[in-house]
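Have a go at each task before you read the solution.

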Amino acid sequence: MTTPIITQVNYDNSAQRWRHSSDGRFVSESAVNAEMFKHSDATHSMLESLTQRLYAGQLQTSQWQAAVAQELKSAHLAQAMFAAGGRANMNNAAWGRVGQTLKEQYGFLNRFAQQIAAGQVSEAQALARIQMYGNAATQSYWSEYAERSTGQLEWQLSAAEHCAGCVSNANGSPYTRETLPNYPGDGGTECLSNCKCTLSRI
Amino acid sequence: MQPNEPIPPDFGEPLDPSVLVNFAVVDARDIESAILWFDEHASEEWIGALENEPRE
């Protein structure tokens, strides 16, 4: 007999926040963001492993490309659903947004693969570049989070070192979803997809 | 190439760019895979969260 999975959190559509199923308390923003970054880290680990296998001769470029693309697809879709509050809250427009992001990322991946196949990228360089793809999955989280925000948004700097662009974004808060200059991790600031900043609805 | 130079690895040809352009289209199977991926990497209290019906 299989053990049923008991989900311990539910999404509250009115509040646009996750709640603990047991007592209805809101899950803290920091806990939600930590879970989002945990998934981002998982993607990074997988992409790093695939790239190491490529340079160890265990994968051909095309196999590496396909595996990276699959990992990115799962990560971006999952992060978008997480921001939306689950699969039930997604619609065709939301799936389309993820598809557009994937198309852009795959364009970068195609060029990256061509350079690797041409022998133009060292392993160290490849590992540094693939990290950015993993981190960029947070872009799908924040774009979906912002898209569903009807009020004001605050750009919050991470505890880690941040770039001038992020500091400027933080100083320019609050924003609406229309005035937000870019999403954390979308490459719009100097830290590119390494951005660990977050957004918060205020 | 000098005799002692390391032989660069042969990575093989990359995918035709059109392959990944087509792969960017999201279908039902991709969504199921993504939900499984989320649960695989989730903290215990978040497993199944993406499938739970939201409360209004």
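This is a predicted model: local features need pLDDT of at least 70, side-chain atom pairs count only at pLDDT 80 or more; totals for chains, interfaces and linings use all residues.

**Exercise 1.** Is A:His44 buried or exposed?

*Solution.* Start with the location: A:His44 sits in helix H1 of chain A. (Helices are DSSP runs of H or I with at least four residues, strands are E runs of at least two, and both are numbered from the N terminus.) Next, take the cut-offs: buried means under 20% relative accessible area, exposed means over 50%, and partly exposed is in between, with a 1.4 Å probe and protein chains only. A:His44 has a relative accessible area of 18%, so A:His44 is buried.

Residues are numbered from 1 along each chain as its sequence is written, chains are lettered from A and ligands numbered from 1 in the order in which they are written, and side-chain values use heavy atoms, with hydrogens and water left out.

**Exercise 2.** Work out how the rings of A:Trp64 and A:Phe112 are arranged.

*Solution.* First the rule: rings of Phe, Tyr and Trp (its six-membered ring) pair if their centres lie within 6.5 Å; planes under 30 degrees apart are stacked, over 60 edge-to-face, and the rest tilted. A search of the whole structure turns up 13 aromatic pairs over all chains. For A:Trp64 and A:Phe112, the centres are 5.4 Å apart and the planes stand at 85°, so this pair is edge-to-face. Now place them: A:Trp64 is in helix H2 of chain A and A:Phe112 in helix H3 of chain A, so the pair ties together parts 48 residues apart in sequence. Both A:Trp64 and A:Phe112 are buried.

**Exercise 3.** How many residues of H5(A) are buried?

*Solution.* Go through the helix and you'll find 10 of its 11 residues buried. Among them is A:Trp142, with a relative accessible area of 1%. Another, A:Tyr145, has 9% relative accessibility. What do the buried residues pack against? The partners are H1, H2, H3, helix H4 (123–135), strand E3 (153–156) and strand E4 (198–201) of chain A.

**Exercise 4.** Find the salt bridge partner of A:Arg148.

*Solution.* A salt bridge needs a side-chain nitrogen of Lys or Arg within 4 Å of a carboxyl oxygen of Asp or Glu. A:Arg148 meets A:Glu144 at 3.0 Å, N to O. Check the cover: A:Arg148 is buried at 19% relative accessibility, and A:Glu144 is buried at 1%. Zoom out, and A:Arg97, A:Glu144, A:Glu147 and A:Arg148 are linked in a network of salt bridges.

**Exercise 5.** Describe where chain A and chain B meet.

*Solution.* Begin with the residues: 53 come from chain A and 36 from chain B. Then the area: the two chains bury about 4,100 Å² between them, 62% of it on carbon and sulfur atoms. (Buried area is the accessible area, with a 1.4 Å probe, that two parts lose on being put together, summed over both.) Last, the charges: there are three salt bridges between chain A and chain B. One of them joins A:Lys73 to B:Asp30, with the closest N and O atoms 2.9 Å apart.

Technical notes: Contact means heavy atoms within 4.5 Å.
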